[in-house]
Amino acid sequence: MKTLTRKTGLRGTLTVPGDKSISHRAVMFGALAEGTTTIHGFLKGADCLSTIGCFRAMGIDIEEKDDTIYVHGKGLHGLNAPSKTLDVGNSGTTTRLISGILAGQPFSSELSGDASLNSRPMKRVITPLTMMHADIKSKNGDGCAPLIIHGKPLTAIHYDSPVASAQVKSCVLLAGLYADGDTSVTEPALSRDHTERMLRSFGADIRTEGTTCTITPPKSLHAQHIEVPGDISSAAFFIVAALITPNSDVLIQNVGINPTRAGILEVCRNMEADITLENVREAGGEPVADLRVRTSRLKGTVIEGDIIPALIDELPVIALMACFAEGKTIIRDAHELRVKESDRIAIVSENLTAMGADVIPTDDGFIINSKADGETGLHDASIQCAMDHRIAMTFAIAGVNADGETIITDSDCVDVSYPDFFRQLDTLCGQQ
Ligand code: S3P
């Protein structure tokens, strides 16, 4: 449990943990490559540790030395049958990406996670994998994990995905590694493209045209050195904290600003936020920058359409930011928020309302009004976060901008993506 009170400003420099999406992929592709992949800046959060656990259970030797992860890959056909159910914890990325890999193996496997994970929709990967003639079933017949997969040779397909989801796209492309020809995926809007970038660097022939991505099954993948940039989804909490907390000036170093992830920066610009990008560079095939963020007078905005996949994980904290903006903010086209680690539309609305904000949940987003001139009048509440890491962090930032004592009961869930979050927040608030 954590108790948060109003702070007078965030000041200083911080480095956020490594990107979660990139960390997962580095381990997975490293395991399937020939040779030893080294990963620098790996996120040691519970989700990525679940991915490591699954590959260790399939015979991949993964070591950690001096802050570098060494994945001793055994090639595309080197995984062993796991001797027990693979534990995917709270991680949707582990589950959906690994399903694509397991579908093409010459062995059977079972995947299961925690209560939240086992209630998230898996039909979105069962459907395309079944089209590829994979044998994958939801154990309880409810379209959720546990999943039972009997690996077999796969048929190449073109998949028209109904959702802009990098997990679905990546699942199909990874199954495509084991298919009998070119496999392609078209999505309604471009989702994060880390799989495409990284698989290409491992030597796969993978092409993107518009929102269609095609992979030709490679003979082999080759080990790489991966520099994992800081996770913009983690930086988002401190971006918003610095913008809405008076007297703040924060430098967030080494943040990944891949255009398929950086929608929050465009929204902040539209809201007239004071953010400058410094030292823009490329690291490990991904664009990276340092972000200088200062307290700003924000304006309401409309967030909709193709930008949604580029900021989907940031919408809870963007909704909080909108409470501090002058006027109305409308967020639409974000149905996917309802099937994340929690129903984030419901839970964000309930908690913001409990703190005194003016928020109307809609089917696919929110309508948010600031009370007057960006004065929210937020006050304390006991926050229910349904063990959802991003909800806990969003309301910690709310708590440093609210009267009274904001209580976050299951605050340990931040370990899923940001184990050091509360310590860094205290440091920037001058409390350590
Ligand atoms: C992720 C894709 C997104 C995102 C999740 C990580 C990934 O999920 O919300 O946190 O690493 O591919 P969807 O594919 O469900 O949109």
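# Reading the terms in a predicted model

Thr-68 has its place in strand β5 (residues 68–74). This is a predicted model, where local features need pLDDT of at least 70, side-chain atom pairs count only at pLDDT 80 or more, and totals for chains, interfaces and linings use all residues. Residues are numbered from 1 along each chain as its sequence is written, and side-chain values use heavy atoms, with hydrogens and water left out.

User: Why is Thr-68 called buried?
Analyst: Buried means under 20% relative accessible area, exposed over 50%, partly exposed in between (1.4 Å probe, protein chains only). Thr-68 has 12%, so it is buried.

User: What does Thr-68 touch, not counting residues up to four places away in sequence?
Analyst: Thr-68 touches Thr-38, Ile-39, His-40 and Glu-63. Contact means heavy atoms within 4.5 Å.

User: What makes helix α9 largely enclosed by the rest of the structure?
Analyst: 9 of the 9 residues of α9 (residues 315–323) are buried, so the helix is largely enclosed. Among them are Leu-315, Pro-316, Met-321 and Cys-323. Helices (H or I, at least four residues) and strands (E, at least two) are DSSP runs, numbered from the N terminus.

User: How do you know that β12 and β13 pair?
Analyst: Two strands pair if DSSP finds at least two bridges between them. β12 and β13 (residues 212–216) have 5 bridges, in the antiparallel sense. Ile-206 stands opposite Ile-215 in β13.

User: Which strands form the open sheet, and in what order?
Analyst: The order is β10-β11-β13-β12, with mixed pairing. β10 (158–160) and β12 (205–209) each have a single partner strand, so they stand at the edges, with one side of each left without a neighbour in the sheet. The twist averages 15 degrees from one strand to the next.

User: Why is α7 called roughly parallel to α11?
Analyst: Axes are lines fitted to C-alpha atoms, for helices over the stretch in contact, and angles run from 0 to 180 degrees between N-to-C directions. Angles under 35 degrees count as roughly parallel, over 145 as roughly antiparallel, 65 to 115 as roughly perpendicular and the rest as oblique. The axes of α7 (residues 232–244) and α11 (residues 389–399) cross at roughly 15 degrees and come within 10 Å. That makes α7 roughly parallel to α11.

User: Which residues of α7 and α11 meet?
Analyst: Ser-233, Phe-237, Ala-241 and Ile-244 in α7 meet Arg-390, Met-393, Thr-394 and Ile-397 in α11.
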